[in-house]
Structure formats: structure tokens, C-alpha cells
Amino acid sequence: MSDHCPTFETIQTRRVCRFFTDEPVSRDDLKHLIRAARWASSAGNRRIHKFVVVDDQKSVDLIRIMSPGILGNPQALIVICTDKEKAGVEGVNLDLDTTTWIDVGTASQNMMLAAHEIELGSCPTTSFSKSAVRVILNLPDYLEPEYILQVGHPVERPRSIGKGAVARLPIETITFWGAFPTSV
Amino acid sequence: MTERMALTEPEALQLLAHLAASAEISLVEPDLYGPFRLIDAASQLAGYVLQHDPGDRRDFWEAIKTEIDCKKIWLMSDRSNFREFLRQMPAKVAQELTSREEMEEGER
């Protein structure tokens, strides 16, 4: 395997960023993140998610107030919504089909990596009031807000949450190779 | 002891928003996140009080806010100490309450 693995380096150096400068995020940069999300894998290539980009500070602030999971001051938010009409057309059972959540995750990870690559910080958020976000963004009934990605220019801060959050689990403790032995 | 404005109505609305949203998401989040949301709201409250000049009690409010903001994130890295921090915090508030009671007793 080559020593030069830029994708892996991006994966390895990305960290969740919760605190941002006041510098706005350009629309070009936000479009870049959406392009990255667009290239994420999608179960059955069904593409049932929509992306609502929020970059006006008034709306960002209102969503922040209703989102206990947003601890800092993101300059932009990307809300991933399930398009329930599209899901219906595609025959997706949203109550049972967990692949829809995986699709939110793959899109989010693509955006976080793309953000890191262009020196933006990002933070995944699920701790927000769906009902409040629906009102603030005037979302139509067919769009269900599932997830918010916070985006901004990162503030350099010393990591204060202890090495436990930085350390990665040894591969041996999380990996099993092949079938488990059967008991005799 | 002077009674001072602790928070404005818009600030109270923001705190209400935080608490109501926390109640909603606590329906689905891990159990320990509920205490985190409450102590985070306490930090927010302390922040508002500090914005309105708590007079000679500033040290108390600053200390409380600083400690909460420093230790609340233990939720993500050190749950044992996070729980211990939650157990200890009410004692510090109680200490402030009792010392004020004693001061008021002395003034009577």
C-alpha cells in the first residue's frame, strides 16, 4: 500500500469543531459541501434526502437557541431532511428501513471531510427540536429534519475534554476476523 | 441585599427555548444527556445573570459558570467524574443559599 494516502490523512485529522470565528462561510464553500454530500452512497440509489442550507445569521441563531446540541456559534447550518414524498415514491418504509439513517450518515461524513479539506470546521448535531426547526425554516410537511451539520471557520482551542476523546480504540479490541469459533 | 434584575424577558425566552427543546430531545437521547442539558441550562442562566451585574455576588456566579462550562463536557470523556461533578454542584449552590440566609439573619 502506498505511503501517500491523502484521503486517509483527511479522515484521520478531522475533528469535531464546536467553536467558530465570526467569519461567514461563502456560498461557494457551502455548495462544495453539498456536492460532497451528493456523492455519498445511498441505499438503492434512492436519494430521498434534501439539504436545507441556512446561512443568514438570524435563522442560524434561532435554530441554535432551539438546539441544545449546538454549543458554539456556527456561521452556517446544513439541515438534512428526509423527503417523505420521494420516500413514498421509492417504496421506502420510513418506520422500519434503517438504511435511510445510514444515508444521512454517509452524506454527513462526506460533508465533514470535504469541509476539513478546505479548512472549515464542522460538527454533527442531532440534539435539536425538530418541531422548532420545522417552524423556523417553514418546512413543508413532506420534509422531515433529521440532522444538522454546523459549519464555520474553526477557532483554535486547546482540547480540554481529555485524551479519552482523542484516543482511538486499538484495532484488536474492535475487530474480529472471520467466523467465531463454534463451541464444542 | 439588593434585588437585581437577573435576566430580561427575551433572555428568559431563550432559556425557555433551551429547556423546552431539551425536554423534547430527552425523549430519545441517552439518559445521561438529560442531566447534561439541565446543567447546561444552569450555565446559560449564570451567563445571563453575569450580564446584568450581580453586584457583590459576581464571584459566586462566575465561579459556578466557569466550573460548569469546564466540567460539563466530561460527559463525553469521563462519565464517572461527570456524575461526581453533578453530585457536588448542588452543595455549592446550597452553600451560597445558606451563607445568604446567615447574612440576612445578621442584618435583621
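**Entry 1: one residue to start**

I began with a term: helices are DSSP runs of H or I, at least four residues long, numbered from the N terminus. With that in hand I looked up B:P35, which is found in helix 2 of chain B, residues 33-51. I kept in mind that this is a predicted model.

Is B:P35 buried, exposed or partly exposed? I found 16 other C-beta atoms within 10 Å of B:P35, so it is partly exposed. The reasoning needs two cut-offs, because a residue is buried at 20 or more such atoms and exposed at 12 or fewer.

I also checked B:P35 against B:E67. The two are 32 residues apart in sequence, and their C-alpha atoms are 15 Å apart in space.

**Entry 2: chain B as a whole**

Next I stepped back to the rest of chain B. The C-alpha trace of chain B spans about 50 × 35 × 20 Å along its principal axes. Chain B has 108 residues, and 14% of them count as buried. I then took the contacts in chain B between residues at least 6 apart in sequence, and 61% of these join residues at least 24 apart.

**Entry 3: chain A as a whole**

Chain A has 8 helices and 4 strands. From the N terminus on, I read its elements as α-α-β-α-β-α-α-β-α-β-α-α. Its C-alpha trace spans about 60 × 45 × 30 Å along the principal axes. Of the 184 residues in chain A, 29% are buried. Among the contacts in chain A between residues at least 6 apart in sequence, 83% join residues at least 24 apart.

**Entry 4: the sheet of chain A**

In what order do the 4 strands of the open sheet in chain A stand? I wrote down 1-2-4-3, with antiparallel pairing. Strand 1 (49-54) and strand 3 (121-125) of chain A are at the edges; each has a single partner strand, so one side of each has no neighbour in the sheet. Neighbouring strands of this sheet are turned against each other by 25° on average, direction ignored.

I then followed the pairs. Strand 2 and strand 4 of chain A pair in the antiparallel sense over 8 bridges. Across from A:L77 I found A:Q150 in strand 4 of chain A, and across from A:D83 I found A:L143 in strand 4 of chain A. Strand 3 of chain A runs antiparallel to strand 4 of chain A, and 5 bridges join them. Here A:G121 stands opposite A:G152 in strand 4 of chain A.

**Entry 5: helices on the sheet**

Which strands does helix 5 of chain A lie across? I listed strand 1, strand 2, strand 3 and strand 4 of chain A, and helix 5 runs at about 15° to strand 4 of chain A.

I also looked at how helix 1 (residues 6-13) of chain A meets helix 5 of chain A. Their axes are 9 Å apart, and the packing angle is about 95°. That angle makes helix 1 of chain A roughly perpendicular to helix 5 of chain A. On the helix 1 side I noted A:T10, A:I11 and A:T13, which meet A:L113, A:H116 and A:E117 in helix 5 of chain A. The residues of this contact divide into 2 nonpolar, 3 polar and 1 charged.

**Entry 6: the cores**

How many residues has the largest nonpolar core? I found 29, and those with the most contacts inside it are A:L33, A:I63, A:L77, A:I78, A:V79, A:M111 and A:V151. At least two residues of this core come from each of helix 2 (27-38), helix 3 (57-65), strand 2 (76-83), helix 5 (99-117), helix 6 (130-136) and strand 4 (143-152) of chain A.

Not counting residues up to four places away in sequence, A:M111 touches A:L33, A:A36, A:A37, A:I78, A:S122 and A:L149. Another core lies apart from the largest one; it has 5 residues, among them B:A46, B:V49, B:I64 and B:I68.

**Entry 7: where the chains touch**

My last stop was the contact between chain A and chain B. It takes 14 residues from chain A and 14 residues from chain B. On the side of chain A that touches chain B, helix 6 and helix 7 (163-166) of chain A are the elements that give two or more residues. What kinds of residues make up that side of chain A? I noted 7 nonpolar, 7 polar and no charged.

Definitions and conventions. Residues numbered from 1 in each chain as written. Chains lettered and ligands numbered in written order. Predicted model: local features only at pLDDT ≥ 70, side-chain atom pairs only at ≥ 80, totals over all residues. Contact = placed C-beta atoms within 7 Å. Core = buried A, V, L, I, M, F, W, Y, C linked by C-beta atoms within 7 Å. Pairing = 2+ DSSP bridges. Axes fitted to C-alpha atoms, helices over the stretch in contact; angles between N-to-C directions. Parallel < 35°, antiparallel > 145°, perpendicular 65-115°, else oblique. Nonpolar A, V, L, I, M, F, W, Y, C, P; charged D, E, K, R; others polar.
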